[in-house]
Amino acid sequence: MDQDRSKINSVIKKIWVGLGIFVALVIFYLFYLSLSGLPTFDELENPKYDFASQILSSNNSTLGRLYIENRVPVTYEQLSPFVVQALLATEDVRFYKHSGVDAEAVARVVAKTLVLANKSAGGGSTITQQLAKLLYSDRDFSNMGTIRKNFALVNIKLKEWITAIKLERSYTKEEIIAMYLNKFNFIYGAYGIEAASETYFSKGNKELNESEAAVLVGMLKNPSLYNPVRRKEQAINRRNTVLRRMVTNGALDAKKAEKLIEKPIELKFKPKSHIEGDATYFRMEVGKEVASIIKHNDLQKSDGSLYDIYRDGLKIYTSIDVEMQKIAEATMLKHMKSVQNNYWREWKGKDPWKYNTDAKQLAIRENTMKNLVRSSDRYITMRQNDFEPDLEGMMRKFPSINFTDIEFDIWSAAEKDGLEKVAKKYKITDDQERIYAKIMDDPDYKIALAKWQKFRNDVRTSFGKKYKMKVFAYNAMAEKDTTMTPYDSIRYHRSFLQTGIIAIEPTTGQVKVWVGGINHKYFKFDHIRSKRQVGSTFKPFVYASAIAFQGVSPCQRVVDQQYTISPGEGHFGLINSWSPGNAEGRFSGQSMTLYEALKESRNSVSVYLMKQMQSTSYVLDLVNNMGIDKKKIPAQPSICLGAAELTVFEMTGAYASFANNGTYIVPSFITKIEDKNGKVIYKNTSDEKQALSPDINYVMVDMLRYAVRGAAGFKGVVSNIGGKTGTTNDYVDGWFMGITPGLVVGTWVGGDDQWTRFLSLTNGQGSKMARPFFSEFIRQLEMQKVADFDPKAKYIVPSGPQTIITDCSQYSRPDVITVPKDTTKKKEGEDDFFE
């Protein structure tokens, strides 16, 4: 008996020793974990967030910020009580009773989930642990086996427990709730409860009702799965779960909860953008430019990775002049409102989408409208919610196919005309055709196509129904309330004429003003870098080439008559004769100086000069030296009339050479970039080259000044101005390139569609569409005495004798009446202009 008791005591002793060793090992392991990369108290008290990059103007004031996390932090006192009640009822009912780890919840998980294998038993993480997870945890289990994954998960859980306990010692319960709700990513760029409230319901979190609060709290479990935009059914079910738990926890009346449960989720979804605010078009361009600079210059952080403009807190110094920018935007709105009113008057009673068009053009316009509908937010949301869920099975079968709208258009057409015929029309590759054939043979294909047809009908119904909405308007709010169909709203907004305006300081190449359109909220496309036909603004390059390479004087007189460039003539390589007319449709037959010809923008004289040069190479070489890649310009004589398609950015940079003594400086708007510690990681060093000799350039400046002499709108302007208008065929594009010694301004006005245009030269010429902006802008710079603009500045006068006569009283050459007949025998570049 004693022997048995002795054995029992020995076993008990060993158990206690083993238990003690186990406890000691656990304590040692927890101590080890606490020292192995866990955040310190200091780090927990100062949690790190992604840093927004600052965009600074030329006077170092903040233009705006670029960021990846749209976060608006709120304190506990600023939180909606409904949000707090929903959070506690759903995520942690004993939040105020534990110290970071809920022992009861952990025991439940161990007993039910691990022992009884009940996966629906729920999680054991407290709100504090979830915050610890957001601030610390790295749950990357890729390339891990089951055993290793489970061991890693236990490690992570233990670390989260320790971090949670530290958080409870560093913060009050209320601060932990606020931190958690501020930190959480609600997707669509909404970081934190305030941003999420604005994004999903267009209101602050304080204004949320019980249902809306339940939707957002429900997303805390899995924001993608319970996404109320794309997965409405799952989001509703999750919201209802939250509401019922609020009832159980005594935070919501049962009857009220049942009423809320019966209602749908009423979203006012409006994703936020980091480019909202001042100089929005420019700020969007800064993001692209800095990303390009970082990649091109291989700008690396200490860890070897490239800088991230949206996370690394860069300071981006730009050349934008805040005063000039504000004046330009205000002047633009006033001017474009007037232009738009002229447009409405001309088109009264007419439909731009159908006016004066044949069947081919009508099809193009209808296809354009279809694409505009499909790119709209309403359509994208409808497709995500009402159609894409039905495609999941087909997408799993055919993972290489995106199941886009175009593909469904192809399959719909193939049902009528056969896949082989449609494949030729849509230029489908053989591989694509084979895959499409397999899809069309699949038993689920017919179901998918039927659902596509139903979806299209639903779209037509939705886009043809009238809704209350806000649309753009030229008023103080830049919008107005109205009732119209989504289809009509697209047509309405597409009927607004747009603009692209840029101002460059010619002596430095720095961009001082950037206006990419009339309103970034409603019209996102930036027109500064979009290609448009340049019209007569190209003519100064032709005149400059003739003056530079053939010694032509602006006092030379040329007859305003039709000139023809024939096949085989010069080095033009024409197949057919080219005999363009003047914009007015007639020739005066009178002789005029080149001064007068440029001022009146006579096509005949530009053709004459091109004919005399016998080649386009002189002009192409000149513009290439002025920053316009000559490969972008067709080597055809029609470029002398402005047939080339170029951007406002390129044209303004080239004209800046005229105002800078013939020297071209590569335009830039990023002056330097610093990291978050103030270290300069990039500094701009713009290249420059002499495009025109100073004496020839001064002749061109004199001609540009003459071109605006006496023009409407410049009364009272004291600055030394010059410039050239431009108008393209059918009045699609209106231009004005204006120069002063200290600022060169390029202005383009036109529609996003070729049929959004004026119907007559009265309002559709560059002198009406674009020039008034320049004259008023310069006037406002003078009146408001902008510090960086000097109205008294003068162009550089070259030293030494002038090689080209500009004083026409001293010029005595006969009028040019005819063109030499044997020009094809002359060598390219031979000086035969006055023969």
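**View 1. Glu-674 stands opposite Val-680 of strand β16 in the predicted model.** Strand β15 (residues 670-674) is joined to β16 by three bridges, and the two strands run antiparallel. Strands are DSSP runs of E with at least two residues, and helices are runs of H or I with at least four residues, numbered from the N terminus. Strands pair where DSSP finds at least two bridges between them. Residues are numbered from 1 along each chain as its sequence is written. Because this is a predicted model, local features need pLDDT of at least 70 and side-chain atom pairs count only at pLDDT 80 or more, whereas totals for chains, interfaces and linings use all residues; side-chain values use heavy atoms, with hydrogens and water left out.

**View 2. Five strands form an open sheet in the order β2-β1-β5-β15-β16.** The pairing is mixed. Strands β2 (62-66) and β16 (680-683) are the edges, each pairing on one side only. From one strand to the next, the twist averages 20 degrees.

**View 3. Phe-777 belongs to the largest nonpolar core.** A nonpolar core is a set of buried Ala, Val, Leu, Ile, Met, Phe, Trp, Tyr and Cys residues joined through side-chain atoms within 4.5 Å; buried means under 20% relative accessible area (1.4 Å probe, protein chains only). Of the 134 residues in this core, Trp-514, Phe-538, Phe-541 and Phe-777 touch the most other members. Helix α13 (residues 322-347) gives the most, with nine residues. Beyond its neighbours within four places in sequence, Phe-777 is in contact (heavy atoms within 4.5 Å) with residues including Met-324, Ile-327, Val-513 and Leu-743.

Conventions: Buried < 20%, exposed > 50% of the residue type's maximum accessible area, 1.4 Å probe, protein only. Axes fitted to C-alpha atoms, helices over the stretch in contact; angles between N-to-C directions.
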